[in-house]
Amino acid sequence: MENSPLQVVTVPTAPYPDQRPGTNGLRKSVYVFQSRRNYLHNFIQSVLSSIDLRDRQGSTVVVGGDGRFFNQTAIEVIVQMAAANGVGRLIIGHHGIMSTPAISCVIRKYKAIGGIILTASHNPGGPYGDFGIKFNTANGGPAKEAVTSKIFQISRTIEEFAICPGLKVDLTTLGKQAFDLENKFKPFTVEIVDSVESYANLLRNIFDFAALKELLSGENHIKMRLDAMHGVAGPYVRKILCEELGCPVNSAINCVPMDDFGGQHPDPNPTYATDLIDSMRDGQYDFGAAFDADGDRNMILGKHGFFVTPSDSLAVIADNIFCIPYFQHTGVRGFARSMPTSAALDRVAKATKIELYETPTGWTFFGNLMDAGMLSLCGEESFGTGGDHIREKDGLWAVLAWLSILACRRQSVEDILKDHWLKYGRNYFTRYDYEDVDIDAACEMMEDLEIMIADKSFVKQRFAVEDKIYQVEKADNFEYTDPADSTISRNQGLRIIFSDGSRIIYRLSGTGRNGATVRIYIDCYEKELIFEDTQVMLAPLATIAVKISQLHHRTGRSGPSVIT
């Protein structure tokens, strides 16, 4: 404790017009945060001011990040401003590092009023990369639109912020630190906690660790390859999978968090996790997985690099959900997927007679259903899967779910998928990302496309590519009425649904920093098992998607930046 009370000061500032948080918070280049005067301070004050003063006074807030460049600088400012704005206690991950799933866990465990997560998810790091700030509310999940809109409105009119510039916290030492502030009756406390332990304990109560340890280190153990991509998941993989479950340490690679993620793009998909895929090709490993920067996304691979799409991964977990002890005890309340995600989950839900929800993109919609006791398992095509144990997608949870299925069924990843396809048929799915597109051109294209598909004459139109003919059965701009609270979310993506169930979906994404990202999602279903390359199977629909939208002409792009 400091000998004399620390001074709280009010600093004049001017607003910025571009601090609207998206579904994943505020993301900008590091340069923006460093070069624009008080840019960080303005946004943190806007977040804190969005919380009612009566709720904020003496409250607990959790803080952590994925360790990217600017993480510790931002935490120092957050600590000083939280203290000045009446927060009573901060819980911060050791060295300022904590995965997004762990932060959700800790918010719920300590009944915090919320959490500030410092991450730009799967976007690149380093001084020339991206930085992001996301606010999660008391349920442990991302703030709803009403909250993010309030934050944005405050940021547009902000005139000053409160800060305690003399307050310095030690992020390297576990335990409590207390500080006396002027005009404050109680000390402000900062608690530096083990980033892994609370979350690991939660997982111990969900999965059968004894069975998993036998699978990973017993007499007939499988061989794994895990890639943390130099993100925050590394310490969790080492502690839980290696130390506790007996997976050899050398099977986990890139497990030391780095502020630039080793110069790599920390995105667990076939485009960026090529090192892992290449290492799996010779067949020495039975199971592979990769995680993104903040540990909430995952990619699953089988022997020889057999790729499991996120949509298939979700469907397989759903079909084998009682391999996980947690669900044996709680039962299954419902399944959900984001609208662009393939309909593979729908077939499992129908067969098991479990309620299915189709939501807009964004984990907050899943969290609302979970809080209402309506949902147990959910996922998105963007490599996010999770359960109702927290209110975020959870990469390590998904890996342990898959390992539980392997332990239960004693089959390979590939055999489990092929059995699934034989039982339910197969949804072929792909996503084309056109990144950094001129935002005006992208918006005009989407507006014209919506006008076209809204015309009554568009329904029943037929499109022919080679020997394939597709007839439009339905076309709309997806609108969602939340069954938990009846709130309506409009303009969630343009859908073209064909008579055979195939779908083309167009969305503008808000997770980039330069221009717009146009995403095209393509999904088709085959009842009979056909071992054909996904891109070959979906080529006719891809041709139609580009033709209808005139995307290449309207954006000046000859092809997508990323295909997943």
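## Contacts of Trp397

Contact here means heavy atoms within 4.5 Å. In this predicted model, Trp397 is in contact with Tyr199, Leu203, Ile206, Phe207, Ile317, Phe327, Leu377, Thr385, Gly386, Gly387 and His389, leaving aside its neighbours within four places in sequence.

## Nonpolar cores

Trp397 is among the residues with the most contacts inside the largest nonpolar core, together with Leu203, Phe207, Leu241, Phe287, Trp402 and Leu403. This core has 77 residues, and its largest share, 11 residues, comes from helix H15 (residues 395–409). A second, separate core has 46 residues, including Val32, Ile51, Val63 and Phe188.

The structure holds 30 salt bridges. In one of them, the side chains of Lys393 and Asp296 meet at 3.9 Å, N to O. The pair links distant parts of the chain, 97 residues apart: Lys393 lies in the loop between strand E18 (384–387) and H15, and Asp296 in the loop between strand E12 (287–291) and strand E13 (298–302). Lys393 is buried, with a relative accessible area of 4%, and Asp296 is buried at 3%.

## Salt bridges of Arg337

Arg337 is buried, with a relative accessible area of 4%. Its side chain meets that of Asp346 in a salt bridge of 2.7 Å, N to O, and that of Glu358 in a salt bridge of 3.2 Å, N to O. Because Glu358 lies in strand E16 (residues 356–359) and Arg337 in strand E15 (residues 335–338), this pair ties together parts that are 21 residues apart in sequence.

Asp346 is partly exposed at 21% relative accessible area, and Glu358 is partly exposed at 24%. Arg337, Asp346 and Glu358 belong to a network of salt bridges that also includes Lys474, Asp476, Arg495, Arg503 and Asp523.

Conventions: Residues numbered from 1 in each chain as written. Predicted model: local features only at pLDDT ≥ 70, side-chain atom pairs only at ≥ 80, totals over all residues. Heavy atoms only, no water. Core = buried A, V, L, I, M, F, W, Y, C linked by side-chain atoms within 4.5 Å. Buried < 20%, exposed > 50% of the residue type's maximum accessible area, 1.4 Å probe, protein only. Helix = DSSP H or I, 4+ residues; strand = E, 2+ residues; numbered from the N terminus. Salt bridge = Lys/Arg side-chain N within 4 Å of Asp/Glu carboxyl O.
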